[in-house]
Amino acid sequence: MIISKSLTFAEEMKDTMTQPLILHAYDPDEMIYVAENILKKFPDQRIFTLTGDLGAGKTTFVKALAKELGIDENISSPTFSIVHEYGSGDEIIYHFDLYRLKNELELFEIGFEEYLDGEHYVLIEWPELAQKFLPEQYVSLKFEVEDENSRRIICSIENA
Ligand SMILES: Nc1ncnc2c1ncn2[C@@H]1O[C@H](COP(=O)(O)OP(=O)(O)O)[C@@H](O)[C@H]1O
Ligand SMILES: [Mg+2]
């Protein structure tokens, strides 16, 4: 039984490498389950891009992930600074919101590459201008609005 269970898990992991994992949050509080599932599915990944329209739930997800990692801080959307840091010690999340970024030069100036080279979580909202800095492998999370309280999150490993 145990062997067949672990085989099933291995199969699931293999699927995730090739096929996207699709998750749902039917209200904002359910983002915690989305975060839990994503941590389970991508235990070795630290870099996540978050795409989707304004209000699609990207920042809500970052808050949920922090909570799931035991980081107990009030997280707000980093509207005016490009990067916010949450947590301490081993469990740190660097949350980038590049919505207002004008060009790639600003990323050089803040040492974006060093964040990516570190061992901590790096979550990037509006990652378009960061594309050429990204490593060979990272997790892409696409947030879609289904209706007022429902969101669909499509998760896949990029460049795997
Ligand atoms: N299932 C859901 N998951 C996440 N947010 C939801 C959900 N349903 C409604 N919302 C609302 O949608 C908004 C999402 O905002 P936010 O996370 O800041 O989006 P983004 O960062 O993508 O612009 C919040 O007001 C949140 O309460
Ligand atoms: Mg946001």
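Start at α3, residues 58–68. This is a predicted model. Within α3, select Lys 58, Thr 59, Thr 60, Phe 61, Val 62, Lys 63, Ala 64, Leu 65 and Ala 66: each is buried. That makes 9 of the 11 residues of the helix, so α3 is largely enclosed by the rest of the structure.

What covers these buried residues? Show α2, β2, β3 (83–88), β4, β5 and β6; the cover includes them. Then step just past the end of the helix to Gly 70, which takes a positive phi of about 85°.

**Ligand 1**

Now display ligand 1 and its shell. The shell holds 19 residues, and the closest are Ala 25, Gly 57, Lys 58, Thr 59 and Thr 60. Two elements give two or more residues to it: α3 and β7 (150–158). Of the elements, α3 gives the most, with 3 residues. Colour the shell by residue type. You will find 7 nonpolar, 8 polar and 4 charged residues.

**The nonpolar core**

Next, turn to the largest nonpolar core, which has 29 residues. Select Val 34, Phe 61 and Leu 123; these touch the most other members. At least two core residues come from each of β1 (21–25), α2 (31–41), β2 (47–51), α3, β4 (91–97), β5 (121–125) and β6 (138–147). Again α3 gives the most, here with 5 residues. In soluble globular proteins, nonpolar side chains tend to be buried together.

Zoom in on Leu 123. Which residues is Leu 123 in contact with, leaving aside its neighbours within four places in sequence? Pick out Phe 48, Leu 50, Val 62, Ile 93, His 95 and Phe 96.

**The sheet**

Hide the side chains and show the strands. There is an open sheet of 7 strands with mixed pairing. Trace it in the order β1-β7-β6-β2-β5-β4-β3. Why do β1 and β3 each have one side without a neighbour in the sheet? Both stand at the edges with a single partner strand, so nothing in the sheet flanks that side. Look along the sheet for its twist, which averages 20° from one strand to the next.

Focus on β4 and β5. They run parallel and are joined by 5 bridges. Select Asp 97, then its bridge partner in β5, Glu 125.

Finish with α2. This helix packs on the sheet, where it touches β1 and β7. Compare its direction with that of β1: the two make about 160°.

Definitions and conventions:
Residues numbered from 1 in each chain as written. Chains lettered and ligands numbered in written order. Predicted model: local features only at pLDDT ≥ 70, side-chain atom pairs only at ≥ 80, totals over all residues. Near = placed C-beta within 6 Å. Helix = DSSP H or I, 4+ residues; strand = E, 2+ residues; numbered from the N terminus. Nonpolar A, V, L, I, M, F, W, Y, C, P; charged D, E, K, R; others polar. Core = buried A, V, L, I, M, F, W, Y, C linked by C-beta atoms within 7 Å. Buried ≥ 20, exposed ≤ 12 C-beta atoms within 10 Å, placed from the backbone. Contact = placed C-beta atoms within 7 Å. Pairing = 2+ DSSP bridges. Axes fitted to C-alpha atoms, helices over the stretch in contact; angles between N-to-C directions.
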